[in-house]
Structure formats: C-alpha cells, structure tokens
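Here's a quick briefing on how some side chains pair up in this model. Have a look at the fold first, then read on.

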Amino acid sequence: LEDLATGERLADLVRNTAGSIAWAEDGRTLLYVELNELLRPWRVRGHRLGSDPAGDAVLFEEADPAFFVSISKTRSRRYVLIASGTHVTREILLLDAADPMAPGRLVAPRRDGHRYGLDHAHGRFWILTNDRHENFRLVSAPEQAPEEPHWREEIAGDDHHYLLGVSCFADFMVLSERSDGLADLRLRTYAGAEHVIPFPEPVYTVSLGDNREFEADRIRVGYTSMVTPPSVIDYVVAARELIVRKEQEIPSGYAKSRYVTRRLMAPAPDGTSVPITIVHRDDFPPRGGGPLLLYGYGAYGHGLDPAFAPSRLSL
C-alpha cells in the first residue's frame, strides 16, 4: 500500500487473497477475500492500516465448499456487499461501509436455486431476484428492512425480458437485460419513467462499462456489432446522445459502409424462434444464392452475442 498524499510506502501487507477488495468509508479499513488451502475464496477479513495482519478481524466465513465468496460496494458508497454463491444459488450479507466491523445484515437466506443481486440508492435497495420468474424481476426494499417480507415489486418477471443486472446512479438506474435474446440497456428513473438506449443498428451487443461515479449525467458503455468494431461510447442521459470515444482500428483497412447486418428469426423443430444475425457485403445477391458460413452455439446457458471479428472480413 502507498499513501498517495505523501508517497510513503506503508508496511501493511495481506497475503493469500483472492484479489476482491473494498475500502471502508473511514479510509483506513481494507476488506478483502481470503483463499483457503484449496484456493477457494471463502473468508472476508478486515484490515486496519498500521495493524498486524495476523490479527485481522474475520467478518464472514463460508463453510460450504460449493460456495465461493466475493465482496463489492454499492455505487452510493453506503454498503459493502459480501456475496456467497454457486452457479444457481446466491445470498448477500450487507455491511455498513462506515462501520464494517459491526454485525452484517442478511438480505435473504440461501435456498437452492434462488439467485439475487442488488444496488442501493435513495434509502432503498434495488434487487433483482428469480424467486417468481426465471428471467428475474425487480423489487425494492427500505434500507432499514431489506429482508424478503419487505420486498415491493417494481418490474414483474417477463418471458421476453431477461433482467441481468441493476446499477444505481443518483438520478437513474441502469437495467442490463436481454429483450428476446438481444442485449440492451434500459434506463429507469426512481419515479418509474424508462427508456432503452437507442442504437442505429438493428442488432448489436452492448454492455455497461466502468462507471465509478454515483452523481453522473452520462454512462459509459461497450458496444460492438457484426459491422462495428469494439467501441467505447458515452451516453448522455438527458439529451439521449451517443458520443463515440474510441473504436478499435483495423490496421488492414476496413470500410464499414460496405457491410450490412440484420437479424432473422428461424423456427426450430419444436417451434421455438431462434435468432440469427446475418452480415454480408452490400453487393451480396439480394435474393441469396451466394455462399454462407453458418455458426452457432448455445450450451451451458450461453448464447452467441453478435460481435465484430476481423478474421471474418477475408470471407
């Protein structure tokens, strides 16, 4: 550790960590995840600057070897979240970021198959949960009573919208979701008004980027499509304006205007509509008849997001 004000290197050193850390709001307490002898992240400890790491307090310990532990902090900087989970089950313990050594508060005790995640803003927790629908729903709860009996439904579960994450800012929240399989970002005010970030292409992949500030009038997103190289974009919320900050350069040369992308839906034998993303040059025969490379994947719950690939250009 280094004191940024003085440049002094501190003697504090904690070992055998998973790399997951969070600073308490006192600026002198470092929370970190510790590995066990099998390199499983299993315990959270708190280190006070200047103290002997051997005496670091144990704030949480996971006994079940199937569960892995991580920590994070709400963007409001009010709470530290200790999450313990598997691929299908998750529970979260809340710590006061101003007093992390105080006993934590469990949001919802683990039960097999129940996954949830949350963020915090304006005295409430905003929680995504799959308790009633496999595509998750959004609920909220007062910070004084985050437990399940106090959950209030804000967005019901939906067969066409798969809610993946909630990120809270001062004036709005961002819901990462899939709409009929296509990734998008939905902005929602705390009064309930909402809109999806509009992009000019019909099919693409978008994700929320690294956004550290709670008080923000814009968000940074990552974007790509079958014709657009990976890009960093700022979205100015009030103006609904997209500002491209960086687009990956293709050294061999690439004329984006020469290519077209679109989305088709094809029926599977069982009647399920399967999305297919097409990319071709603008001089491709309009009624088909040219060569086609078809590639797909869909195992383990993972699909294929449409993305740019320089290696595809040679075809």
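E148 makes a salt bridge with R111, with the closest N and O atoms 2.9 Å apart (a salt bridge being a side-chain nitrogen of Lys or Arg within 4 Å of a carboxyl oxygen of Asp or Glu). That pair links distant parts of the chain, 37 residues apart: E148 is in the loop between β11 (137-142) and β12 (152-155), and R111 in the loop between β8 (105-106) and β9. Keep in mind that this is a predicted model, where local features need pLDDT of at least 70 and side-chain atom pairs count only at pLDDT 80 or more, while totals for chains, interfaces and linings use all residues. Numbering runs from 1 along each chain as its sequence is written, and side-chain values use heavy atoms, leaving out hydrogens and water.

**Salt bridges**
- The count comes to 27 salt bridges.
- E148 is partly exposed at 24% relative accessibility, and R111 is partly exposed at 36% (buried is under 20% relative accessible area, exposed over 50%, partly exposed in between, using a 1.4 Å probe and protein chains only).
- R48 pairs with D26 in a salt bridge, the closest N and O atoms being 3.1 Å apart.
- R48 sits in strand β3 (residues 41-48) and D26 in the loop between β1 (17-23) and β2 (29-35), so this pair ties together parts 22 residues apart in sequence (strands are DSSP runs of E, at least two residues, numbered from the N terminus).

**R75, with two contacts**
- D119 forms a salt bridge with R75, with 3.6 Å between the closest N and O atoms.
- D119 is in strand β9 (residues 116-121) and R75 in the loop between β5 (68-73) and β6 (79-85), so the pair ties together parts 44 residues apart in sequence.
- D119 counts as buried at 6% relative accessibility, and R75 counts as buried at 17%.
- R75 also lies over the face of F169, 4.3 Å from the ring centre (the rule: NZ of Lys or CZ of Arg within 6 Å of the ring centre and within 35 degrees of the ring normal).

**Aromatic rings**
- There are 10 aromatic pairs in the structure (Phe, Tyr or Trp rings, the six-membered one for Trp, with centres within 6.5 Å; planes under 30 degrees apart are stacked, over 60 edge-to-face, the rest tilted).
- F199 and Y223 are stacked, at 4.8 Å centre to centre and 25 degrees between the planes.
- F199, Y204 and Y223 make up one aromatic cluster.

Methods: Helix = DSSP H or I, 4+ residues; strand = E, 2+ residues; numbered from the N terminus.
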